[in-house]
Amino acid sequence: MSKFDPEALRAAAESHRQKTAMGSSATDQLAPNGSQVVEAERNQSRPVDLRTRYMGLWLRNPVVASAGPLSQTVDGIKSLAAGGVGAVVMYSLFEEQIRHEAARETALAEQGTESFAEALSYFPTAPSNDSGLTRTYLELIEKAAPVIDVPLIASLNGSTTGEWTQNARRMQDAGAAAIELNVYYVPGDITTAAREVEQRYLDILDEVKSRVGVPVAMKLSPYLSSFGKMAQALDAAGADGLVLFNRYLQPDIDLDQMAVLPGFGLSTQEEAKLPRSWISALYGRVNASLAATTGVETVEDVVKYLLAGADVVMTTAALVRHGSDYAGQLVDGVQSWLTRRQLDLSRARGLLAVPSNADATQYARSGYISGLERAKKIYAR
Ligand SMILES: Cc1cc2nc3c(=O)[nH]c(=O)nc-3n(C[C@H](O)[C@H](O)[C@H](O)COP(=O)(O)O)c2cc1C
């Protein structure tokens with residue numbers, strides 16, 4: 001079992017930063033006795049400080065690997081960390097998988113193997129004889145967390161309250177620095193009232209928060225009737241971070257197969273506009289950290305999210321397309337962009353958010369009207 005120590009990481013990051021600024025020949029012994037000349041040189045070439053506080057954790061930079069396929073092995077997690085990210089969010093452990101395993105164990109213990117398949121027919125995941133998904137996940141945290149130099153965040157993904165959320169505690173005990181709670185809940189029953197949907201988010205958060213001491217971020221859907229109010233309610237209920245947004249993988253219709261197929265595919269840069277708008281609207285209005293996810297491909301995409309007010313910017317798509325080392329390029333690019341603009345990160349963050357004294361509804365509406373007016377001029381015949 002390992003405990004993540006943010007102060008140790010901070011000290012290590014500072015030491016690394018100083019060494020980088022002083023050149024590769026610098027050693028720890030040199031620093032305390034370093035001459036004024038060395039200090040002056042360091043000040044001149046000092047890179048912009050990208051250290052970022054996310055949910056109370058210190059990260060070396062704001063680029064984070066979001067939950068995805070690259071964190072399924074120790075080597076994958078090590079590559080992500082070595083690639084330069086500030087933190088790694090692991091792929092999700094799903095409520096359905098946990099319930100599936102629990103039901104399997106109960107069925108095997110109580111009724112014998114014949115009734116096992118019937119007992120599991122409720123669960124949407126493919127029935128499996130592998131009862132080790134949860135164990136594998138926890139072992140992965142135990143093995144990976146101590147061998148990387150950035151926080152490892154575990155991801156729990158579900159849509160109801162219940163015993164399954166106990167696994168948040170197990171993730172913490174295995175060494176996760178924080179929990180990302182993904183409530184992917186599409187109210188398919190069309191009679192479900194908005195209040196019921198919202199209450200469900202709050203209940204799940206409440207249950208997970210009561211089980212752990214580490215920070216909990218909620219990964220959310222944008223499809224709530226008043227998203228801002230919901231974000232505020234989750235903030236007040238103790239969410240340490242809000243991750244905007246889950247991609248709703250809309251199913252498609254395949255005309256050859258005459259079948260409905262699940263949605264699939266990596267996000268596009270265009271899709272960043274929705275989360276960016278909401279981050280911009282929430283910046284300075286909630287205590288929770290704000291994490292952006294969706295639509296990151298280039299340095300400019302990361303910078304735009306930071307200017308909108310994101311504390312961290314997550315990506316899976318860019319790392320899948322270009323490899324884990326691409327994170328380092330994004331980080332260097334953000335560094336260069338800030339240097340060129342003579343901005344430090346704290347001044348850049350939220351610089352283009354909805355101004356704190358603005359009427360945010362009017363702000364959005366005037367953006368909408370001026371956008372339409374511009375489009376009318378461009379497309380007029
Ligand atoms: C192959 C793949 C697997 C993913 N697995 C998970 C997952 O297990 N849990 C989760 O919360 N998000 C998962 N995501 C969503 C990402 O974390 C991210 O939110 C989404 O891809 C949008 O960001 P991006 O397109 O900029 O990477 C997955 C995405 C991809 C492409």
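Mentor: Happy to! Let's start with strand β12, residues 312-315: Val312 and Met314 point to one side, Val313 and Thr315 point to the other, and all of them are buried. Please keep in mind that this is a predicted model.

Now look at the neighbours of the strand. Strand β3, residues 63-65, runs parallel to β12 and is joined to it by 3 bridges. Strand β11, residues 289-293, also pairs with β12 in the parallel sense, again over 3 bridges. Find Met314 and you can trace both pairings: Met314 is the bridge partner of Val64, and Met314 is also the bridge partner of Thr293.

How does the chain get from β11 to β12? Together with helix α12, the two strands make a right-handed β-α-β unit. Most residues other than glycine have a negative phi, yet the phi of Thr294 is positive, near 115°. Thr294 has 28 C-beta neighbours inside 10 Å, so it counts as buried.

Next, follow α12 to the helix packed against it. Helix α11 (residues 273-282) and α12 (residues 299-308) have axes 8 Å apart, at an angle of about 25°. The two helices are therefore roughly parallel to each other. From α11, the contact is made by Arg276, Ile279 and Ser280, and from α12 by Lys304, Tyr305 and Ala308. Sorted by class, that contact has 3 nonpolar, 1 polar and 2 charged residues.

Is α11 itself enclosed or open? It is largely enclosed by the rest of the structure, because 7 of its 10 residues are buried. Those buried residues are Pro275, Arg276, Trp278, Ile279, Ser280, Ala281 and Leu282. After α11 comes Gly284, with a positive phi near 80°.

Phe245 lies in the loop between β8 and β9 (252-254), and a cis peptide bond with omega of about -5° joins Leu244 to Phe245. That is worth a second glance, as most peptide bonds are trans.

Terms used
Residues are numbered from 1 along each chain as its sequence is written. This is a predicted model: local features need pLDDT of at least 70, side-chain atom pairs count only at pLDDT 80 or more; totals for chains, interfaces and linings use all residues. Axes are lines fitted to C-alpha atoms, for helices over the stretch in contact, and angles run from 0 to 180 degrees between N-to-C directions. Helices (H or I, at least four residues) and strands (E, at least two) are DSSP runs, numbered from the N terminus. Angles under 35 degrees count as roughly parallel, over 145 as roughly antiparallel, 65 to 115 as roughly perpendicular and the rest as oblique. Two residues are in contact if their C-beta atoms, placed from the backbone, lie within 7 Å. Ala, Val, Leu, Ile, Met, Phe, Trp, Tyr, Cys and Pro count as nonpolar, Asp, Glu, Lys and Arg as charged, and the others, Gly among them, as polar. A residue is buried if 20 or more other C-beta atoms lie within 10 Å of its own, exposed if 12 or fewer, and partly exposed in between; C-beta atoms are placed from the backbone. Two strands pair if DSSP finds at least two bridges between them. A crossover is right-handed if, with the strands pointing away from the viewer, the path from the first strand over the helix to the second runs clockwise.
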